[in-house]
Amino acid sequence: MANVLRNSAKFGFSGVLSQLSIHSRHGRECVSPCFSLQQRNNSTSPKIKVDLDSSTGVAVLRMQSPPVNSLSLDFLTEFCINLEKLEMDRSCRGLIITSTLSKVFSAGLDIMEMYGKSPERCGEFWKAVQEMWLKLYGSNMATIAAINGSSPAGGCLMSIGCDYRIMVDNPRYSIGLNETQLGIVAPFWFKDTLVNTVGNRAAELSLELGLLYSAPDALKIGLVDQLVPEDQVLSTAQDTMSKWLAIPDHARQIDQCVYIIYNTSPLPLDHARQMDQCVISVCIYYI
Ligand SMILES: CC/C=C\C/C=C\C/C=C\C/C=C/C(=O)SCCNC(=O)CCNC(=O)[C@H](O)C(C)(C)COP(=O)(O)OP(=O)(O)OC[C@H]1O[C@@H](n2cnc3c(N)ncnc32)[C@H](O)[C@@H]1OP(=O)(O)O
């Protein structure tokens, strides 16, 4: 543990994950010389747009994959590449995630990825889902989800993978891990992330009944931290981010790291990750 804490101070949570023998290679110390200034500041790709304001150190990642920002293998790959670039950029300290689509933040995993695909493809897809969560939950950046629409299942996972959630105050927008309603089961690390957000009992009810919460109900159980009018979601996220960035990065990162280490099952470990991947790939294949 002492080693883990020493390393957490040096590398942040992502760094600690890599010390625990996993994939993550992107502590703040590791700045790739490969990216040009232009590449670092702005990148536009078909499904995701990132704008980094180098004067504030805050990047806004906009998901722009109609109709519903579903998390396909292509989407997840792009998402992870963008996160990785930002993670390696010393000038970026905070990340806000939002959607350009009206009414939808993200519909969660792309259902077409779970239908009629080969075992290899299922494995690749699931690895990308794991990667998205590991990169986001383990990020050294302060992360805020500006949830401007519905966010079921994998969309909810993405939201609770952030440090803070601001949702549009609209009772028609819903959020939650509704997998059981679809006849499938949220993996244990979805559960851990939910428990870390809303506590044990609320998570248990929520998962077993596959509850989707309206924005006001999500606030009541602590699934989101704040509700705001639609036109204020981004500005509120920016204001909130400045409070997070007033905390020295190393202190916030160590605190987060200790919290996660004590409260999260061992997906970061290679064997747990591979076992999870294997079980889920087989499940998807036989659905
Ligand atoms: C023991 C273990 C067993 C099995 C393990 C297997 C898997 C792993 C287990 C769990 C993890 C799963 C996580 C997930 O994320 S599963 C996905 C769950 N997502 C949903 O349930 C969301 C479904 N969508 C909606 O509720 C609505 O679409 C939404 C509220 C997001 C938006 O509503 P709106 O009215 O604006 O749009 P729609 O008309 O409904 O949709 C437009 C368009 O988009 C298509 N669509 C919607 N969701 C998805 C999706 N997740 N993937 C792909 N495509 C999606 C929808 O079909 C419409 O298409 P079209 O008809 O062609 O216009």
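**Entry 1: conventions.** I take helices (H or I, at least four residues) and strands (E, at least two) as DSSP runs, numbered from the N terminus. The model is a predicted one: local features need pLDDT of at least 70 and side-chain atom pairs count only at pLDDT 80 or more, while totals for chains, interfaces and linings use all residues. Residues are numbered from 1 along each chain as its sequence is written, and side-chain values use heavy atoms, with hydrogens and water left out.

Entry 2: I then noted the peptide bond that runs from P66 to P67, which is cis, with omega near 5°. Most peptide bonds are trans, and most residues other than glycine have a negative phi.

**Entry 3: residues with positive phi.** I recorded K103, which is not a glycine, with a positive phi near 80°. K103 belongs to strand β5. I located A153 in the loop between β7 and α5 (154-160). With 10% relative accessibility, A153 is therefore listed as buried.

**Entry 4: the surroundings of the ligand.** I asked how many residues surround the ligand. There are 25 of them, and the closest are A107, L109, I111, A153 and G154 (a residue is near if one of its heavy atoms lies within 4 Å). By class, I found that this shell holds 18 nonpolar residues, five polar and two charged. For these classes, Ala, Val, Leu, Ile, Met, Phe, Trp, Tyr, Cys and Pro are nonpolar, Asp, Glu, Lys and Arg are charged, and the others, Gly among them, are polar.

In A107, a polar backbone atom is 2.9 Å from a nitrogen atom of the ligand. For L109, I noted 2.8 Å between a backbone N or O atom and an oxygen atom of the ligand. G154 has a polar backbone atom 2.9 Å from an oxygen atom of the ligand. I also checked which elements give two or more residues to the shell, and these are β7 (149-152) and α11 (270-286).

**Entry 5: the largest pocket.** I read a space of about 490 Å³ for the largest pocket. It is lined by 22 residues, and M114, E179, L182, I184 and I287 are the closest to its centre. A pocket here is an open set of points on a 1 Å grid over the protein atoms alone, where a 1.4 Å probe fits, with protein on both sides within 12 Å along at least five of seven lines; lining residues have an atom within 4 Å of a point. The volume is the space filled by probe spheres set on the points, which are joined across faces, edges and corners. Which element gives the most to this lining? I found that α11 does, with four residues. By class, the lining has 19 nonpolar residues, two polar and one charged.

**Entry 6: the second largest pocket.** For the second largest pocket I noted about 310 Å³ of space. Its lining has 15 residues, and those closest to its centre are Y137, C162, D163, Q256 and Y259. I found at least two lining residues from each of α6 (188-198) and α10 (249-263). The largest share comes from α10, with five residues. I counted the classes of this lining as six nonpolar, four polar and five charged.

Entry 7: H250 counts as partly exposed because its relative accessibility is 48%.

I placed L101 in the loop between β4 (94-99) and β5 (103-104). Is L101 buried or exposed? L101 counts as buried because its relative accessibility is 14%. L101 and M158 are 57 residues apart in sequence, and I read 16 Å between their C-alpha atoms.

Finally, I found Q232 in the loop between β11 (226-228) and α9 (233-245). Q232 has 36% relative accessibility and so counts as partly exposed. Q232 and A153 are 79 residues apart in sequence and 25 Å apart in space, C-alpha to C-alpha.

Key
A polar contact is a pair of N or O atoms within 3.5 Å; within protein, one must be able to donate a hydrogen and the other to accept it, and residues adjacent in sequence count only if both atoms are side-chain atoms. Buried means under 20% relative accessible area, exposed over 50%, partly exposed in between (1.4 Å probe, protein chains only).
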